[in-house]
Amino acid sequence: MRIQDEMPEFSGITRWFNGEVSKQDLLGRPSIIQFWSISCGPCKESLPKVKNWFDRFDRETLNIVGIHMPRSEEDKDIEKVRQLIEEKDLRHPIAIDNDQIMTDAYENLYVPAFYLFDEEGKLRHFQVGTKVKMLEQRLEKMTGVMV
């Protein structure tokens with residue numbers, strides 16, 4: 001995806017945890033879409049940060065949606081994903097993308113990967129890895145809330 005591209009519709013999701021969302025549900029406020037995988041150590045490191053954002057921001061200020069992108073057949077074990085979600089106490093909506101339909105729609109190759117969309121659903125920032133300072137700076141500008 002490129003900056004200013006439209007957020008893809010959520011389609012082909014294997015299963016949702018913590019509630020299902022649509023693109024339409026996310027419009028009207030900034031949104032972070034995070035790609036991650038249970039077999040990715042840096043992804044596990046980033047999950048507390050994502051949880052902190054979800055706890056810190058009002059639902060009317062920021063949307064957060066996780067997309068679990070399997071990197072192997074073993075990663076497709078939904079029960080293992082569910083266990084990690086519970087263990088990390090993640091409460092934001094998480095889509096399981098076992099058929100990689102969303103992964104392909106985003107042209108995403110990396111985990112963890114963060115896509116920040118504006119209230120109109122246009123991509124404003126993309127970042128890979130656990131160093132999210134630039135993402136947080138953009139988030140502060142878009143929401144007016146210090147991270």
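**Figure 1. The two sides of helix α5 in the predicted model.** Lys133 and Lys141 are exposed on one side of α5. The structure shown here, as in every view below, is a predicted model. The buried residues of α5 are Leu135, Glu136, Leu139 and Thr143. Seen down the helix axis, these buried residues fall within an arc of 95°, so they line one face of α5. An α-helix has 3.6 residues a turn, so residues three or four places apart point the same way. The buried residues of α5 pack against β2, α2, β5 and β6. After α5 comes Gly144, with a positive phi near 75°.

Figure 2. Helix α5 covers residues 133-143 and includes Glu136. Glu136 has a relative accessible area of 10%. Glu136 therefore counts as buried, the limit being under 20%. Leaving aside residues up to four places away in sequence, Glu136 touches Lys49, Trp53 and Val147.

Figure 3. Six strands form an open sheet. Their order is β1-β4-β3-β2-β5-β6, and the pairing is mixed. At the edges stand β1 (15-17) and β6 (123-128), each of which pairs on one side only. On average, neighbouring strands of this sheet are turned by 20° against each other, direction ignored. In a regular strand the side chains alternate between the two faces of the sheet.

**Figure 4. Parallel and antiparallel pairing within the sheet.** Strands β2 and β3 (residues 63-68) run parallel and are joined by six bridges. Gln34 has Gly66 of β3 as its bridge partner. Strands β5 and β6 pair in the antiparallel sense, over five bridges. Phe114 stands opposite Gln127 in β6. The hairpin of β5 and β6 has five residues between the strands. In this hairpin Gly121 takes a positive phi, near 85°.

**Figure 5. Helices α2 and α3 across the sheet.** Helix α2 (residues 41-56) lies across β2, β3 and β5. Helix α2 runs at about 160° to β2. Helix α3 (residues 78-87) lies across β1, β2, β3 and β4 (94-96). Helix α3 runs at about 15° to β1.

Figure 6. Ile78 belongs to helix α3. Its relative accessible area is 23%, so Ile78 counts as partly exposed. Ile78 touches Thr14, Arg15, Phe17, Ile96 and Asn98, not counting residues up to four places away in sequence. Ile78 and Asn98 are 20 residues apart in sequence. In space they are 8.9 Å apart, C-alpha to C-alpha.

**Figure 7. Phe35 and its ring partners.** Ring centres within 6.5 Å make a pair, and by this rule the count comes to seven aromatic pairs. Phe35 and Tyr106 have ring centres 5.1 Å apart and planes at 65°, so the pair is edge-to-face. This pair links distant parts of the chain, 71 residues apart. Phe35 is in strand β2 (residues 31-36), and Tyr106 is in helix α4 (residues 101-106). Phe35 has 0% relative accessibility and counts as buried. Tyr106, at 0% relative accessibility, also counts as buried. The ring centres of Phe35 and Tyr115 lie 5.7 Å apart, with planes at 70°, so this pair is edge-to-face. Phe35 lies in β2 and Tyr115 in strand β5 (residues 113-117), so the pair ties together parts that are 80 residues apart in sequence. Both Phe35 and Tyr115 are buried.

**Figure 8. An aromatic cluster, and a charge over a ring.** One aromatic cluster is formed by Phe35, Tyr106, Tyr115, Phe117 and Phe126. A charge over a ring involves Arg59 and Phe54. The charged end of Arg59 sits over the ring of Phe54, 3.6 Å from the ring centre.

Key
Residues are numbered from 1 along each chain as its sequence is written. Side-chain values use heavy atoms; hydrogens and water are left out. Rings of Phe, Tyr and Trp (its six-membered ring) pair if their centres lie within 6.5 Å; planes under 30 degrees apart count as stacked, over 60 as edge-to-face and the rest as tilted. Helices (H or I, at least four residues) and strands (E, at least two) are DSSP runs, numbered from the N terminus. Buried means under 20% relative accessible area, exposed over 50%, partly exposed in between (1.4 Å probe, protein chains only). A charge sits over a ring if NZ of Lys or CZ of Arg is within 6 Å of the ring centre and within 35 degrees of the ring normal. Two strands pair if DSSP finds at least two bridges between them. Axes are lines fitted to C-alpha atoms, for helices over the stretch in contact, and angles run from 0 to 180 degrees between N-to-C directions. Contact means heavy atoms within 4.5 Å. The arc is that of the directions from the helix axis to the C-beta atoms.
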